[in-house]
Amino acid sequence: MPHFAEAHIDLGAISGNVAALRARAPHAQAMGVVKADGYGHGMLPAARAMLDGGATWLGTALVEEALELRRAGITVPVVAWILPPSAPLSEAIAVGIDLGVSSLPVLDAVIAAAGAAGRTARVHLKADTGLGRGGIMPAEWPAATAAAARAEAAEQIEVIGVFSHFACSDEPGHPSIGAQIAAFHEALAQAEKAGLRPEVRHIANSAAALTLPESHFDLVRLGIASYGLSPIPGLPDTGLRPAMTLRSEIALVKRVPAGAGVSYGHRYTTDRPTSLALVPLGYADGVPRAATNKGPVLAAGRRRTIAGTVCMDQFMLDIGDDNARPGDHAVLFGPGDDGEATAQDWADVLDTIPYEIVTRIGARVPRGYTRPDGAGARG
Ligand SMILES: Cc1ncc(COP(=O)(O)O)c(C=O)c1O
């Protein structure tokens, strides 16, 4: 390994996952969601791999992320859906970025920015159908759709989409799911009454794409599942392949006696003479400090549990009498092919979701890429 550690990304897995997901939503287009640096996988390589897999749209949270896609020469429709007052709206409109509009004040800001840019803004109106986060509430929806229709008639905006987002699609059978789909149908009917004819209606995320065909409408927004991680732990037959492998090299190995305290706070004590291996990854790199005495790591031929406190830049493994040398690999998670844990395993022991595990891998960890033709590359 050319670096102390690497988050290695199998881009063929991302393309393959998107293709597999598209087959499950055959009547919808697919949007690859690449916010947060492509869920930690690298935004641009992930975006290109998703397009290779058949995605025809991309989605980001921030306008700044969408602008980066445009600067890289990506021309497909890109929707950015979190628009705080500082968002560079005119710049976005000037390069044809679609804007997810979640409130009447944001609609006003987009209309003003379209005037400043001298160009019609591409808008997706977002209905809050029950998530209780961003989105226009039902009470304001008639006013919002009427205002959007007026702005459309004035060629200030074009309503390309109407969309919403689920609260509990990762809990199949949750009563809010059916209620949100019904509320979305109502929002669409109201939009039509106001004279809007959106090209794409969309509400499905990965979980809904996998489990709720009635939610697919015209477009499914695929985040976590494109990266090969299931939004619903234990869902059978997803055919998804985790794209990221996080590995490091053992930096040193040393013998210690029984009763030796290990790492800050001595939260681990050896129960026999043993060998300790130091792995140079820490919480600054996204290995949660909560993984102290919990995180699973494949090293010296077996899966181990982190011994003692995870530090900023390093943690220890107790490898007993097994042999390891500096430079040998330690694998934190990957697709699981060689006995290593998965990001889902890490999420399970840390009582979180795999989204948090992969998105928090730090900037210090180099990303490496395998492309479908087998070529390696750094990104
Ligand atoms: C509006 C919106 N759509 C789609 C997604 C993708 O969700 P997932 O990663 O669960 O597929 C997200 C991510 O949180 C989102 O915020």
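**Entry 1: helix 6 and helix 7**

I looked up helix 6 (residues 104–117) and helix 7 (residues 141–153): their axes come within 10 Å and cross at roughly 10°. That makes helix 6 roughly parallel to helix 7; angles under 35 degrees count as roughly parallel, over 145 as roughly antiparallel, 65 to 115 as roughly perpendicular and the rest as oblique. L104, L107 and I111 of helix 6 make the contact with A143, A144, A147, A148 and A151 of helix 7 (contact means heavy atoms within 4.5 Å).

The model is predicted: local features need pLDDT of at least 70, side-chain atom pairs count only at pLDDT 80 or more, and totals for chains, interfaces and linings use all residues. Residues are numbered from 1 along each chain as its sequence is written, and side-chain values use heavy atoms, with hydrogens and water left out.

For my own terms, helices (H or I, at least four residues) and strands (E, at least two) are DSSP runs numbered from the N terminus. Axes are lines fitted to C-alpha atoms, for helices over the stretch in contact, with angles from 0 to 180 degrees between N-to-C directions. Ala, Val, Leu, Ile, Met, Phe, Trp, Tyr, Cys and Pro count as nonpolar, Asp, Glu, Lys and Arg as charged, and the others, Gly among them, as polar.

**Entry 2: helix 1 and helix 3**

Next I took helix 1 (residues 11–24), whose axis comes within 7 Å of that of helix 3 and crosses it at roughly 45°. Helix 1 and helix 3 are therefore oblique to each other. On the helix 1 side I listed L11, I14, S15 and V18, and on the helix 3 side P45, A46, A49, M50 and D52. The classes here are seven nonpolar, one polar and one charged.

**Entry 3: helix 3 and helix 4**

Helix 3 (residues 43–52) also packs with helix 4 (residues 63–71), at an angle of about 70° and with the axes 11 Å apart. The two, helix 3 and helix 4, are therefore roughly perpendicular to each other. M43, L44 and A47 in helix 3 meet E65, E68 and L69 in helix 4. I noted four nonpolar, no polar and two charged residues for this contact.

**Entry 4: the ligand**

Around the ligand I found K35, Y39, W81, R133, H165, N205, S206, R221, G223, I224 and Y355 (a heavy atom within 4 Å). A polar side-chain atom of K35 lies 2.8 Å from an oxygen atom of the ligand. For G223, a backbone N or O atom is 3.0 Å from a ligand oxygen atom, and for I224 a backbone N or O atom is 2.8 Å from one.

Terms used:
Polar contact = N/O pair within 3.5 Å; in protein donor to acceptor, adjacent residues only side chain to side chain.
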